[in-house]
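Visitor: I would like to learn how to read this structure. Can you take me through it, feature by feature?

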Amino acid sequence: MKIKEAPLYIFDMDGTILDSMIEWEHLGRNYLQKKGIVPPDDLEDTIETMTMEESAQYFKDLGISLSCEEIMREMFQCMEDAYRDTIPGKKEVVELIKKLHAAEGNKLCILTTSDKMCAENAMRRLGLLECFSDIYTSEQLGMGKRTGDIYQKVCELYGVQPEKVVVFEDALYAVSSAKEAGCYVYAVSDACNQNQWEQIRELADENIELK
């Protein structure tokens, strides 16, 4: 597909470049199974609104004899390993990134709420690391994606007006925030955003619906 020309393209990572949302969704279940504990059928619903520390305490109550800090460290390690070794890229988006990078004058960056090392390891494995001039994280910038501020900040760092910037996102709240910032937004479909896909489609400027 033909993508709008822009001096800067901002890519989300999880659910946009990577098929990683399922990995996060099943993290608790996979972790308990590795520990030899049969997860409750309603595990995902139970921990959906919990913090990582609250989830760790819940896992302790289910029979894991580690401290909450140790449980959280092991769970993060599971995700670090997955980013480094196994989480697949979305083929169409990977090809799009390479195509945009090959065009003279284009600048691409990643803006993610995930850990920077995880992002670097995943992009390196997929052969995409050199395509991005920077990888920005919420932790690094001290902002989340619930408002447009973080997108405006990245635009400022490149000296580009938001209305000239193209953003790729999969989550409804992030699409909304990028639009609030004034950016042109492509929504990317994902297995985990199907319940909100119609809302996302209506809000975004254009959509990339993957098979």
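Visitor: Which ring does the charged end of Lys 4 sit over?
Guide: A charge sits over a ring if NZ of Lys or CZ of Arg is within 6 Å of the ring centre and within 35 degrees of the ring normal. Here the charged end of Lys 4 sits over the ring of Tyr 184, 4.9 Å from its centre. Arg 146 lies over the face of Tyr 173, at 3.9 Å from the ring centre. This is a predicted model: local features need pLDDT of at least 70, side-chain atom pairs count only at pLDDT 80 or more, and totals for chains, interfaces and linings use all residues. Residues are numbered from 1 along each chain as its sequence is written, and side-chain values use heavy atoms, with hydrogens and water left out.

Visitor: How many aromatic pairs does the structure hold?
Guide: Rings of Phe, Tyr and Trp (its six-membered ring) pair if their centres lie within 6.5 Å; planes under 30 degrees apart count as stacked, over 60 as edge-to-face and the rest as tilted. The structure holds 8 such pairs. One of them joins Tyr 58 and Phe 59: the centres are 6.2 Å apart and the planes stand at 45 degrees, so the pair is tilted. Tyr 136 and Tyr 158 form an edge-to-face pair, 6.3 Å centre to centre with 90 degrees between the planes.

Visitor: Which parts of the chain does the pair of Tyr 136 and Tyr 158 tie together?
Guide: Helices (H or I, at least four residues) and strands (E, at least two) are DSSP runs, numbered from the N terminus. Tyr 136 lies in strand β3 (residues 134-137) and Tyr 158 in helix α9 (residues 149-158), so the pair ties together parts 22 residues apart in sequence. There is also an aromatic cluster, formed by Tyr 9, Phe 11, Phe 132, Phe 168, Tyr 184 and Tyr 186.

Visitor: Is Tyr 136 buried or exposed?
Guide: Buried means under 20% relative accessible area, exposed over 50%, partly exposed in between (1.4 Å probe, protein chains only). Tyr 136 is buried at 9%. Tyr 158 is buried at 17%. Phe 59 has 0% and is buried. Gln 196, at 37%, is partly exposed. Gln 196 sits in the loop between β5 (184-188) and α11 (197-203).

Visitor: How many disulfides does the structure hold?
Guide: A disulfide is a pair of cysteine sulfur atoms within 2.5 Å. The structure holds 0. For Cys 68, the closest cysteine sulfur is in Cys 78, 16 Å away, too far for a bond. Cys 155 is in no disulfide either; the nearest cysteine sulfur, that of Cys 183, is 4.2 Å away. Cys 155 is buried, at 1% relative accessibility.

Visitor: How much space lies in the largest pocket?
Guide: Rolling a probe the size of a water molecule over the atoms shows where empty space is left. On a 1 Å grid over the protein atoms alone, a pocket is an open set of points where a 1.4 Å probe fits, with protein on both sides within 12 Å along at least five of seven lines. The largest pocket holds about 1600 Å³.

Visitor: Which residues lie nearest its centre?
Guide: Lining residues have an atom within 4 Å of a point. The largest pocket has 40 of them, and Met 21, Trp 24, Glu 25, Glu 48 and Tyr 173 lie nearest its centre. Helix α5 gives the most to this lining, with 5 residues.

Notes: Grid points are joined across faces, edges and corners, and a volume is the space filled by probe spheres set on the points.
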